[in-house]
Amino acid sequence: MIRMITKRLLTSIFTLIILVSVVFAMTHATPGGPAFSILGQKATPAAVKALNARLGLNVPWWDQYFIWWGHLLQGRLGFSYLLNRPVTELISEYLGNTLMLYIGAIVLAVVLAIGIGLVQGVTWGRWPARLIGAFQLAAYALPTFFVGTMFILYFGVEWQVLPTGGITNLRDVHPGIIDYGRHLVLPILTVGLLSVSGLSRYFGASVHEELNKDYVRTALAKGLTFRAVLFGHVLRNALRPLVTILGLSFPGIFVGSVLVESVFNYPGLGYLLWRSALSQDYPVVSGIVLLLGVITVVGNLLADLVNGLLDPREIYD
Amino acid sequence: MSAVLTLDQFAVALRRGRGKNVPILDDINLTVAAGEMTALVGESGSGKTIASLGVIRLLPRGASTAGRVMLGAQDLTDLSDAEMRKVRGRDIGMVFQNPLSALNPSTRVGAQITEVYRLHTGESDRAARARALELFGEVGIPNPADRLDDYPHQFSGGMRQRVMIAMALACSPKLLIADEPTTGLDLLVARQIMALLTKLRRERQMGVLFITHDLSVVEEHADQVHVLYAGRSVEWGPARSFFEQPRHPYSQALLGAVPRLGQARLVSIPGNLPDPETRPPGCRFAPRCSYREDACETAYPAADTLGGTVFACRRGREIVPEVLGAVPQAAVRARQSGPVVLQADALGVDYPRSAASFLRGLLGGRDRLTALSNISFSLQRGQCLGVVGESGSGKSTLGRAVLQMIPYHGRVILDGHDFTTMGAREKRAARLGVQVVFQDPRESLNPRMRIGDIVAEPLKLAGMSGSRARRDAAAALLNRVGLNDRMMSQFPLAVSGGQAQRIAIARALATKPAMIVLDEPTSSLDVSTQAMLLNLLKDLAETDGLSYILISHDIAAVSYMADTIAVLRGGQLMEMGDAASVLGAPQSEYTRELVAASPHFRSTNKMGAASGAVAVADKSGF
Amino acid sequence: MSLSLAENMAAPGGALRRGAAARLLGWVGDRTMLVSGLVLAVLILLFCFLGALIYPASPVAIHGHHAFQPPSGAFPLGTDQIGRDELARLIEGGFSTMVVAIPAALLTFAIGIIYGMTAALTPSWVDKILMRLLDALLALPGLVVLIFFASLFAPGNTELIFLLGLTSWPGLARLVRNEAISQRGRDFVLATRQFGGGTWYVARVHLLRVMAPILVVNFTFLIGDSVLALSGLSFLGLGVKPPMTSWGGLLQTGLNLIALDPWWMIFPSAIMIFASIVATNLIGQGILARLGEGR
């Protein structure tokens, strides 16, 4: 077990080093360098030079690379070009809202996916499973921003049951926690819906697959009820691939939240990323991308560890 | 003896696609008496597994059954689903093939056993655990207390099957249904499992319905034999009478297809098992039967009896005891020794393995695992070297080293040319002279290539130009292995396992190799198909002077084919020599055990001595 | 598909005994998903590529007097807020979407296969490095990287194709690599090597052939994903440049005016995006279902 964890940790660290390098390469691949993009029309050679000096861009790229690493290891992500505030400060300001959205959507998606997937897996090939399949496809095929807007239109405008925007920051919740929660419902539903579609389909398929395995026949031959076999034997084995796919789908869920946050004007990282990307604020963009990469790598690591707990073979081999 | 299980006109039909149900099993009448074993024998597709699932009512959705299933005095077909659940596990225990997949991989074996005991007795967790411990001791698992909390993958194949048996016995059932419990196990282990089952049923007065494709497994254990062909009973009765004189041509062919030492020719059954949709209206075996007459094809023959067994054949009475014994014994097999084709000197193979110590593993250290050490042999033209051993003995590794598929040390010399001194190009050309036929023919043919292209592929790679010429050559190769060249445009999935294996042989012949490594070539095939394939290989050896290395766990097949036999164990050569002497007078203790464990071979010895009827009652091997 | 054909031929009687019409119906019946997906896909492609011939109105001409009108005889799908013909724009948007999404999917497909195959067939240390790089790339959300680059230079269609193609291949690459690794140790590959088949030959003739169905399925999914990603980009204001448009762009314009409830500006483009994803997924899942039966 310890051996497996150590091995996975080493791999993850290696992956993170590559990730940081890729992000560095990305932000420095801009034609003419960031100064050009920032200055735009005003990009006289002198102004560019001055700005480069101010941003620390006047040294060779390999020096910049190592300086960047040094800063990263100290937890410094640089300053936003536009807002002139430390990136870490900006990120921590928006992070809370995004985490709420992210975690809420994931919990919703996992709970629904397990329920729906069980029904689909058990009725595989018959009408309930087909019906579920049709809904899964429909949920997947609708653009996220369209779904979000429709939610706003109906829940917020037509029926006026839920607020559609104007959420405050998690740190200074003025109107109270209930109001904050009400603001979260629609964004979570929108992001969650997209994830439920893929996750439940995947889980349904793995329940179906597990049900066709020999040990199910053995368990039934022992006289267990189908329900006991399903919950006592099949569920645990079918969860393993779900955990793996969940770990892998973190970036996908974030992509969904970028779009959803911009639909709901939701002050989260996705929204910040979008605004910063549009205004070429590289330190902010690379900071967020990096954070996300780290979350994903750690998420995958966690998924592997959970799988180790679910499947004894992973530990002992 | 009272009957534990009685099947009365039992029939099963399964739903296939959207149409109406297709009959799989018809009119089965069968009894299992308390303390006795009834063997239900049939090749794949005979419906034997469906019969067992029908008894415990775990058939696939949409299946329909007819007839009665009596467990003691109780008709199982009358029970409600809830009542039936109480019968499963409590009154009927099940043991399935391949215990690795039949046990839940993520649950401790102890918990899987206590689960069934608690379910049916309502006992506490503690009592159930005590019971599991007791059962573990009874089925012969060493250190039972330590092993209850292990997972299935931590057991060896034989021990896993013992766990399955312990689980089936948890509630002391009256009937045990064992569906191919020894298939896939090594010979010695399979023998131990059979002995265990016999011991348990005698001690507990438990009936055993033993389902198998392999008659020889049950020869010394079964009390009753029931042979199925294409979903119908063809012959049944006391095992003793059955093995003394089978009356149905199919039973005869099944017994005659089992290879024996020094036998010139195996009895083979032409054709394939019919699909359930296209079964012939009369006797289902008629299209493949050499005793066929016109009446056989119109109506199913009535059951007849003579000398103990009941058989469904019009001409069963004519089939005389001599038929079996009359298989020509090729006493003289004097082959002139030809030139040496292949020589191996001090052949050894090591596999790298993750280091045993954690720290070294972290640093990327590797331990070496010796898979094969210091094997030397030479193979003459037209001869066959049989390599025998259990799984993990290194026999397949030996084959792969000879084929140059894996790195090895020592020398392999083909036709006087040493592989170790060759350059890459030279080696590539020389490898064409050593070809291979694998165990699973479906795995060894690309499922998305047409059969014609598969057979022609070696020719194409060897640089033969002109697709027309290649096609003709491929057709000729197919004809040589007894296949019709019309199948060239089909895909491998459309042909039977035996045909697929012949295609693999045709392909191996394409480069005109000096020798072929046969890696368990028949172990995934039915007995009748196996006989046909072994006959074909023997013919090719004679006509083309082909040499073989036959790798097999099946001593019967090796004894039929091999001139020389090498016995491997744990990568070491235990014994090597002339086939007759290795099998007849084994030098090492291990070889003696192996030979004694092979039922085919034991009965052959007997036959050689008695040269007539097959004797059954030989229990000296115990 | 040739596989199932061969099976039908092999089954004695069976399929061949029935009449041609019944067989055709049977074919449709067994393959509902695949056939309906194909029909839908053909309709959508006809609309995008030949629609302009049947309905030749200009997608950029401004009819000032008729701005923001619901569907009518003159404008079957109404007009937008500045008076452009919505049906013409829907056709033009479809054309723009397809000429970006399909080549982008092809590019993704090519990169994914080459990268995955390279990883599977090179020595294990190369594979390890390639896989760690892949892990890192997979940890980056594709659309986020896309937004980043799209914001650097306002991309034209060619740039969009490259951006989409270069950011969405890692998932496919891993699938190809894992699949190729699981196939390359199979006995038929070993047999081919014994006949002197080299790595390149094995990859080309055996691995790709065995993997073909799964690759085709993934290609259909890739097209759907490209359409979705492109519409997401358009929504964020980074897609096809005005005055030209895409379905995502049309939908975004409509949604921005949602307060005025311009249903004719929202639903047609939403339905077209929806239908494209549904079509590609039906085809892909249809093929998968057929393969499942074949086994």
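1. A salt bridge here is a side-chain nitrogen of Lys or Arg within 4 Å of a carboxyl oxygen of Asp or Glu. The model is predicted. By that rule, the interface of chain B and chain C holds 1 salt bridge.

2. The pair is Glu443(B) with Arg186(C). Their side chains meet at 3.0 Å, N to O. Polar contacts between chain B and chain C number 9 residue pairs, with both residues at pLDDT 80 or more.

3. On the chain B side, the elements giving two or more residues to the contact with chain C are α15 (424-431), β18 (434-437), α16 (441-444), α17 (451-461) and α19 (497-509). By class, this side has 15 nonpolar, 5 polar and 8 charged residues.

4. Now the extent of the interface. Chain B puts 28 residues into the contact and chain C puts in 25 residues. About 2600 Å² is buried between the two chains. Carbon and sulfur atoms give 58% of that area. Within chain B, the most area is lost to chain C by Glu443(B), Arg448(B) and Leu461(B), together 26% of what that side buries. Glu443(B) is also the salt-bridge partner of Arg186(C).

5. Next, a helix pair within chain C. Helix α6 (residues 124-138) packs on helix α9 (residues 170-184) at an angle of about 145°. Their axes are 9 Å apart. The crossing is left-handed.

6. Residues of α6(C) in this contact include Met131(C), Leu134(C) and Leu138(C). Those of α9(C) include Ala173(C), Arg177(C) and Ile181(C). By class, the contact of α6(C) with α9(C) has 7 nonpolar, 1 polar and 4 charged residues.

Methods. Residues are numbered from 1 along each chain as its sequence is written. Chains are lettered from A and ligands numbered from 1 in the order in which they are written. This is a predicted model: local features need pLDDT of at least 70, side-chain atom pairs count only at pLDDT 80 or more; totals for chains, interfaces and linings use all residues. Side-chain values use heavy atoms; hydrogens and water are left out. Contact means heavy atoms within 4.5 Å. Buried area is the accessible area (1.4 Å probe) that two parts lose on being put together, summed over both. A polar contact is a pair of N or O atoms within 3.5 Å; within protein, one must be able to donate a hydrogen and the other to accept it, and residues adjacent in sequence count only if both atoms are side-chain atoms. Helices (H or I, at least four residues) and strands (E, at least two) are DSSP runs, numbered from the N terminus. Ala, Val, Leu, Ile, Met, Phe, Trp, Tyr, Cys and Pro count as nonpolar, Asp, Glu, Lys and Arg as charged, and the others, Gly among them, as polar. Axes are lines fitted to C-alpha atoms, for helices over the stretch in contact, and angles run from 0 to 180 degrees between N-to-C directions. A crossing is left-handed if the near helix is turned anticlockwise from the far one by less than a right angle, and right-handed if clockwise.
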